[in-house]
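Please have the sequence and the coordinates open as you go.

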Amino acid sequence: MIQATSHVSSTLGPLFTIVIGAPLTLVAVRYLGKLLKLLVVGRARDVLVKAVGRNPYPAMASGMGVTVVTQSSTITTSVLVPFAGTGILTPAQVYPLVVGSNLGTAFTVVFAAFAGVGQDARTGLQAAFVHLIYSLFAIVAIYVIPLLRPVPLFCAETFARITSEHRWVLAVYLGTVFIALPALVIVLVGVL
């Protein structure tokens, strides 16, 4: 993508990358879901459901571990979403894995910050620890407190219900969050 848009200006090149990359990501996730539905059957499905559904805290640790190993919460979440979309896992089963994945990202950032050297290394470590502490507090505040735990699930289920009834809401959301806002940031950074 970068090579294909290298002849375009430094502002328009990233915009083209976003416009082309977003639909490609949607297509990849759709076919990943279909492939996973074909592959995860029988005993493999039972093992997955048991591993995720027994206790949320080991599931959270699994999400964190996979993210630390892969260095990407996007990979972890992108694999989980098709499982939920095909009915293999419920949103309640995916929830602790995603929470753990977010915490895993914070640990990945801390690992990356240790690679810094010189005067700026301290600033990088501070930023990484802010991310880690914020993620830990988010888990304590939202997931550990039983009264607040269902709030993100309720919001997600409500948004899913609305977007399944009105597809245009999903298109507006995706276009705004993944295309318009990043494009606006790129333009503003290019202008400033």
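Let's start with Leu132: apart from its neighbours within four places in sequence, Leu132 is in contact with Leu103, Ala106, Phe107 and Val110. Keep in mind that this is a predicted model.

**The nonpolar cores**
- Leu132 belongs to the largest nonpolar core, which has 12 residues in all.
- Its other members include Met60, Tyr95, Val99, Ala113, Ala128, Ile139, Tyr143 and Leu153.
- Helices α5 (91-113) and α6 (120-144) each supply at least two residues of this core, and α5 gives the most, with six residues.
- There is also a second, separate core of eight residues, with Val52, Ala59, Leu80 and Leu97 among them.

**Helix α6**
- The 25 residues of α6 reach 35 Å from the first C-alpha to the last, close to the 36 Å expected at 1.5 Å a residue.
- Buried in α6 are Ala121, Ala128, Leu132, Ser135, Ile139 and Tyr143.
- These buried residues of α6 pack against α3 and α5.

**Helix α3**
- Helix α3 covers residues 56-70, and its end C-alpha atoms are 21 Å apart, which agrees with the 21 Å that 15 residues should span at 1.5 Å a residue.
- Which residues of α3 are buried? They are Ala59, Met60, Gly63 and Thr67.
- Viewed down the axis of α3, its buried residues fall within an arc of 105°, so they line one face of the helix.
- Gln71 follows α3 and has a positive phi, near 65°.

Terms used: Residues numbered from 1 in each chain as written. Predicted model: local features only at pLDDT ≥ 70, side-chain atom pairs only at ≥ 80, totals over all residues. Heavy atoms only, no water. Helix = DSSP H or I, 4+ residues; strand = E, 2+ residues; numbered from the N terminus. Expected span 1.5 Å × (residues − 1). Buried < 20%, exposed > 50% of the residue type's maximum accessible area, 1.4 Å probe, protein only. Arc of directions from axis to C-beta. Core = buried A, V, L, I, M, F, W, Y, C linked by side-chain atoms within 4.5 Å. Contact = heavy atoms within 4.5 Å.
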